[in-house]
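Please read the following comments alongside the sequence and the model. They are meant as a colleague's notes on points that deserve a second look.

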Amino acid sequence: MRAATYFFIFLNLSLAVFEEPAVYPLPFVVTSLVEVLCLLVFFGRLTHYAKVTLRDLFWKDTKNICILVAILLSLTDLATYGVLRMYNVRSIRWSRVVRPIFLINFAESRQIRRAFRSIRNTLPEITYVFLLFMFSLLMFSLMALKLFGERNLQTAEGLPYFRNYLEIVFDLYVLVTTANSPDVMMPAFDFSSWYALFFIAFVIVNTYIFMSLFLAVVYNNYKKHLKVIFGGVDCD
């Protein structure tokens, strides 16, 4: 039963690769039949679990309620999408976002649920570091706007360079990953080599300091919550 449940969960999640818009598109009839099959298996697994569990205990378990609601939402969305498709009305399969619920809430997914709970408990504790990082990013973006915005610089494509604040925030956010380095600083560097100090300072503060601090906080808090859960303090 565990292997079959995992297989159909994997099959259900894989449908996103074949549904429109798809990487490898398949006819709607094929994907819809596969999804209905998966939902029937999930409902059968839930019914089987209900047979060996006390009724009051079964309905008090939020995991079972989540699975049942996800099945109903998926069937409703599938039927609605099929009817609209018959009348050539373009729509979106919004129920795809509920598919990971099956992966998390089945009884066989206890370890995944524990890891997910650790991540959920870690998020509030890393918020302060994230907000501090965003404050640094916004301040550096404001400095870049004041330094370069009034000098009428242009990129290699002839576009305005660092004149829109939101575009500056996005470019510097990408620079944290060094994906656009050194291209992002070349117009300023060509104007004056001293402007390279601004980008060097940005990379040191945000990439090497904040990202290391962020990683350390995430790791330590996740490890702490994981020890609590596997130590038996947190229940399933």
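The numbered points below go from the basis of the model to its domains, annotations, backbone details, cysteines and surface.

1. Basis. This is a predicted model, in which local features need pLDDT of at least 70 and side-chain atom pairs count only at pLDDT 80 or more, while totals for chains, interfaces and linings use all residues. Residues are numbered from 1 along each chain as its sequence is written, and side-chain values use heavy atoms, with hydrogens and water left out.

2. Domains. The protein is divided into domain 1 (1-107) and domain 2 (118-229), with bounds that come from an automatic or database domain assignment. The C-alpha centres of domain 1 and domain 2 are 40 Å apart.

3. In an unreviewed entry, UniProt places "domain: Ion transport" at residues 6-224; UniProt positions are given in the numbering used here, feature names are shortened, and annotations may be inferred rather than shown by experiment. In the model, residues 6-224 are 71% helix and 0% strand, with the end C-alpha atoms 29 Å apart; helices (H or I, at least four residues) and strands (E, at least two) are DSSP runs, numbered from the N terminus.

4. For "transmembrane region", the unreviewed entry in UniProt lists residues 26-44, 65-84, 126-145, 165-182 and 194-219. Of these, residues 126-145 are 100% helix and 0% strand, with end C-alpha atoms 29 Å apart, whereas residues 194-219 are 92% helix and 0% strand, with end C-alpha atoms 37 Å apart.

5. Cis peptide bonds. The bond from Glu 20 to Pro 21 is cis, with omega near -10°, and Pro 21 lies in the loop between α1 (2-14) and α2 (28-51). A cis peptide bond also joins Ser 181 and Pro 182, with omega about 0°; Pro 182 is in the loop between α7 (165-176) and α8 (186-191).

6. Positive phi. Although it is not a glycine, Phe 162 has a positive phi of about 55°; this residue is found in the loop between α6 (110-148) and α7. Phe 162 is buried because its relative accessible area is 4%, where buried means under 20%, exposed over 50% and partly exposed in between (1.4 Å probe, protein chains only). Thr 178, likewise not a glycine, has a positive phi of about 60° and is placed in the loop between α7 and α8. With a relative accessible area of 41%, Thr 178 is partly exposed.

7. Cysteines. How many disulfides are there, if a disulfide is a pair of cysteine sulfur atoms within 2.5 Å? The count comes to zero. The closest cysteine sulfur to that of Cys 38 is in Cys 66, 19 Å away, and therefore too far for a bond. Cys 38 is buried, at 0% relative accessibility, and Cys 66 is partly exposed, at 32%.

8. Surface. Tyr 208, which is in helix α9 (residues 196-230), counts as exposed because its relative accessibility is 56%. Together with Trp 194, Leu 197, Ile 200, Ile 204 and Ile 209, Tyr 208 makes a nonpolar surface patch of about 700 Å². Patches are made of residues with over 30% relative accessible area and no salt bridge, like charges being joined within 9 Å and nonpolar side chains (Val, Leu, Ile, Met, Phe, Trp, Tyr) within 5 Å. Accessible areas come from the Shrake-Rupley method with a 1.4 Å probe, and for residues only the protein chains shown count as cover; a salt bridge is a side-chain nitrogen of Lys or Arg within 4 Å of a carboxyl oxygen of Asp or Glu.

Definitions and conventions: A disulfide is a pair of cysteine sulfur atoms within 2.5 Å.
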